[in-house]
Amino acid sequence: MRTVKLAGKDVPAIGQGTWYMGEDPHQRSREVAALQHGIDLGLTLIDSAEMYAEGGAEEVVGQAIAGRRDKVFVVSKVYPHNASRNGVPAACERSLKRLGTDFIDLYLLHWRGQYPLEETVEAFERLREAGKIGRWGVSNFDVDDLRELGSSDCAVNQVLYNPSQRGIEFDLLPWSQKRQMPTMAYCPLAQAGRLLKHPTLIDIAERHGATPAQVSLAWVTRQAGVIAIPKAVEPEHVRLNAAAASLNLSSEDLRAIDRAFPAPTRKQHLAMV
């Protein structure tokens, strides 16, 4: 599987998201099994957040990685209202407990809030010095936010990116690539998988003997330094996500997607969900 250098480690270009996991106790065993299946298939980067099911998703991840922590790269995120000098370490400790680990590989600020960035970064750095996290990064930051952050220690920016949401290509993605800062794409299939019924993606998928979801994942990860984190619970969807890493889109395919979903020609407001 193709890898991306993230926080000093090689991680798969396609990982596993956990948004909406942990909300229904009756689905817990299926969610845990899905994540474990993904790990077995090489999807060893798992992204979560204290916001997801108010910690429930982290608990699912904790169950999934029990006994195999050394095989996975764990990402989690802190709420902006917890991103103060004292709030960050307290939130991190709660996440560590739910995850059943003493170390988070990558810890992100979920989006900007009321606390100054320098205060949050100071708290992140103290966590890193204490060995609680490996690196820190941000989510939902635009170019101006990253410039204000003004730190080369930021390991990643996690943002919305898929064929129907290409705004970051105008300035944010090139800015990050120039600085060798990886981009993590959430909702790479769009919300509720709306992209999967688009005729262009269906046509391309049929040519490759693939699925529209695989086409979207291959398209998102075609860019250098971009990691996709789709969420899947069905075992077959997990398998298809992993297989998408080996799908190579042709120049004809890319032109067809450009026609269906034109690239931005001007600055756009950063899309978020």
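Me: Which element gives the most to the lining of the largest pocket?
Reply: That's α9, with three residues. Helices here are DSSP runs of H or I with at least four residues, strands are E runs of at least two, and both are numbered from the N terminus. Keep in mind that this is a predicted model, where local features need pLDDT of at least 70 and side-chain atom pairs count only at pLDDT 80 or more, while totals for chains, interfaces and linings use all residues. Residues are numbered from 1 along each chain as its sequence is written, and side-chain values use heavy atoms, with hydrogens and water left out.

Me: And what counts as a pocket?
Reply: On a 1 Å grid over the protein atoms alone, a pocket is an open set of points with protein on both sides within 12 Å along at least five of seven lines, whereas a cavity is a set where a 1.4 Å probe fits but cannot get out. A lining residue has an atom within 4 Å of a point.

Me: What volume does the largest pocket have?
Reply: About 690 Å³. The volume is the space filled by probe spheres set on the grid points, which are joined across faces, edges and corners.

Me: How many residues line the largest pocket, and which lie nearest its centre?
Reply: The lining has 34 residues, and W19, C187, A190, P230 and K231 lie nearest the centre. The elements giving two or more residues to that lining are α8 and α9 (235-243).

Me: What's the lining of the largest pocket like by class?
Reply: There are 20 nonpolar, twelve polar and two charged residues. In that count Ala, Val, Leu, Ile, Met, Phe, Trp, Tyr, Cys and Pro are nonpolar, Asp, Glu, Lys and Arg are charged, and the others, Gly among them, are polar.

Me: OK, α8 then. How many residues of α8 are buried?
Reply: Nine of the nine, so α8 is largely enclosed by the rest of the structure. Buried means under 20% relative accessible area, exposed means over 50%, and partly exposed is in between (1.4 Å probe, protein chains only).

Me: What covers the buried residues of α8?
Reply: The cover includes β9 (183-186), α7 (199-208), β10 (226-228), α9 and α10 (251-260).

Me: Take S216. Where is it, and what is it in contact with?
Reply: S216 sits in helix α8, residues 212-220, and has a relative accessible area of 0%, so it's buried. Leaving aside neighbours within four places in sequence, S216 is in contact with P163, P188, L189 and L195. Contact means heavy atoms within 4.5 Å.

Me: And A256, buried or exposed?
Reply: Buried, because its relative accessibility is 13%. A256 is in helix α10 and is in contact with T200 and I204, neighbours within four places in sequence aside. The C-alpha atoms of A256 and P163 are separated by 11 Å, though the two are 93 residues apart along the chain.

Me: Switching topic: what does UniProt annotate at Y52?
Reply: The unreviewed UniProt entry has "active site" there. Feature names are shortened, positions follow the numbering used here, and annotations may be inferred rather than shown by experiment.

Me: Where is Y52, and what does it touch?
Reply: Y52 is in the loop between β4 (45-47) and α2 (56-65). Its relative accessible area is 6%, so it's buried. Not counting residues up to four places away in sequence, Y52 touches T18, W19, D47, A57, K77, H110 and Q158.

Me: What feature does UniProt place at H110?
Reply: "Binding site", again from an unreviewed entry. H110 lies in the loop between β6 (104-109) and α4 (117-129) and is buried, with a relative accessible area of 6%. Not counting residues up to four places away in sequence, H110 touches A49, M51, Y52, K77, V78, P80, S139 and N140.

Me: How about D105, where is that one?
Reply: D105 is in strand β6, buried at a relative accessible area of 4%. D105 and K5 are 100 residues apart in sequence and 13 Å apart in space, C-alpha to C-alpha.
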